[in-house]
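Reader: Please take a close look at one part of this model, the surroundings of the ligand. I would like the account to go on from there to the sheet behind those surroundings.

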Amino acid sequence: MTQTEDFFKHVISHAKEYGFIFPSSEIYDGLSAVYDYGQYGVLLKNNLRNYWWQSMVQMHENIVGIDAAIFMHPTTWKASGHVDAFSDPLIDNKDSKKRYRADVLIEEHIAKIEGKIEKEVEKAAKRFENFDAAMFRNTNARVLEYQQKIDAINARFKAALENNNLAEVKQIILDLEIVCAISGSRNWTDVRQFNLMFHTQLGSVADEASTIYLRPETAQGIFVNFLNVQKTGRMKIPFGIAQTGKAFRNEIVARQFIFRMREFEQMEMQFFVKPGTELTWYEYWKETRLAWHKALGMPPQKYRYHDHIKLAHYANAACDIEFEFPFGFKELEGIHSRTDFDLKAHEQYSGKKLQYFDPELNESYVPYVVETSVGLDRMFLATLSTALQTETLDDGTTRDVLKLHPALAPVKAAIMPLVKKDGLPDKAREIMRTLQFDHYCQYDEKDSIGKRYRRQDAIGTPFCITVDHQTLTDNTVTIRHRDSMQQQRIAIAKLPQTVMEAVSFKKLFV
Ligand code: GAP
């Protein structure tokens, strides 16, 4: 097992051991690609959602939020294209019976070649002083050869997808000599399309008309409410509608913990703009969203843009913000210029006009849309896996510490009486009450103070506040900082401000 695989296993077991994430219905052996958030997980998830909501809705005068139902009229999904085109190309290995996404097999092959390029660059960087990585990439013969291979595969793959030529997709897999990871064979079935939407019946009559879908994205709830919100909110273009909520996809390749789930949560914003200005807004949101991620303090080199080769049926520009998860760079957020596809399609299928009267132009038009769409569970995984660190301390022992941004930490402060007697617990609870109206706090009097610190480190609590005998005489406590483990004596009266300043979202916006 590689170091990164070990680390990823450590993240998963830490998440379970400390009440962040449990496999769904675990007593029945779990349900594939479905997870439950535990007592600390739900707090971290709420904090991530709040950070998104505050930055999108609270901090933008021209963005409002809604909460649309998960079930929608089935025609919604016909209009959006999901009934006909929301599918993944799947392929089975006949020997192992394992099912794969054909596009993922090809992308993983490309990633391997990219890995070879990185190795060449790293080797050269060790060899040469004043190494210029960009120049090396442009001039080194081996690197150029690898890059040409990647370009050729991408071009062929793009053409195959654009022409919906599934036989060619299979041929690419055969030509690249891609083997099944389990059987090691190249004994592949043909590639077929597989629709990812879950469906169920509404009411008791099981006929075609009552088939409804679990929404595969939250975006359509925004499009069908476009006029309701525009009119009742007197919104002027450009404006946005934001929403967070559950989405459901019957993923073929459901793995990598909470990275790819069958039930997950999205945080989406549709920004309605004047036709012709969409690409400017697209660039704006690309930059703004990356800055939002980086403000959380995770290493900037863990992010990169990935422009889409194959545009979705609704887009005229699209990119992903990728994050370096423990298993490599993968999509964290999508930014899509969705044109007027969705509103026009809903106009056509509903027979209702979905237009905006522009008072400046004195004319009506169907707005264009730029969408930002980030998976909350993927944000959770990115945050958790980057924050989790194992440190060796001066005395040779180790500690697992979650170095979360304090604004995201599930518990903001743990209040601990040094001993369970002499009135210290009462004093500690008194302090707890002054803080818990504003922050989620925890009272802990069990075990030695060292063990209590470790427990709080493992869940990312930024402050441990210890009440000792001196507290009873001078109203001071020790406050221990999670990352530096430094302790300082401060007046109880200063605690609310100290904690508030550290955990406020405000710091993330300046
Ligand atoms: N409305 C556009 C849309 O849904 P998407 O790229 O399919 O676009 C947006 O999804 C985001 O939702 C992704 O960037 C990812 O963070 C998250 N996401 C998508 N499928 C997911 C899954 N199966 N499990 C967890 N998150 C997922």
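Author: Strand 10, strand 13 and strand 16 each supply at least two residues of the shell around the ligand; strands here are DSSP runs of E with at least two residues, and helices are runs of H or I with at least four, numbered from the N terminus. This is a predicted model, in which local features need pLDDT of at least 70 and side-chain atom pairs count only at pLDDT 80 or more, while totals for chains, interfaces and linings use all residues. Residues are numbered from 1 along each chain as its sequence is written, and side-chain values use heavy atoms, with hydrogens and water left out.

Strand 13 gives the most to the shell, with 6 residues. There are 20 residues around the ligand, and E217, E251, M261, E268 and E331 come nearest; a residue is near if one of its heavy atoms lies within 4 Å. By class, the shell has 5 nonpolar, 5 polar and 10 charged residues, where Asp, Glu, Lys and Arg count as charged, Ala, Val, Leu, Ile, Met, Phe, Trp, Tyr, Cys and Pro as nonpolar, and the others, Gly among them, as polar.

Polar contacts are pairs of N or O atoms within 3.5 Å. The side chain of E331 has an N or O atom 2.6 Å from an oxygen atom of the ligand, and for the side chain of R249 the distance is 2.8 Å. G375 takes part through its backbone, with an N or O atom 2.9 Å from a ligand oxygen. On its own the ligand has 550 Å² of accessible area, of which the protein covers 93% (Shrake-Rupley method, 1.4 Å probe).

Strand 10 (263-273) and strand 16 (368-375) are antiparallel over 8 bridges, and M269 has T372 of strand 16 as its bridge partner.

Notes
Pairing = 2+ DSSP bridges. Polar contact = N/O pair within 3.5 Å; in protein donor to acceptor, adjacent residues only side chain to side chain.
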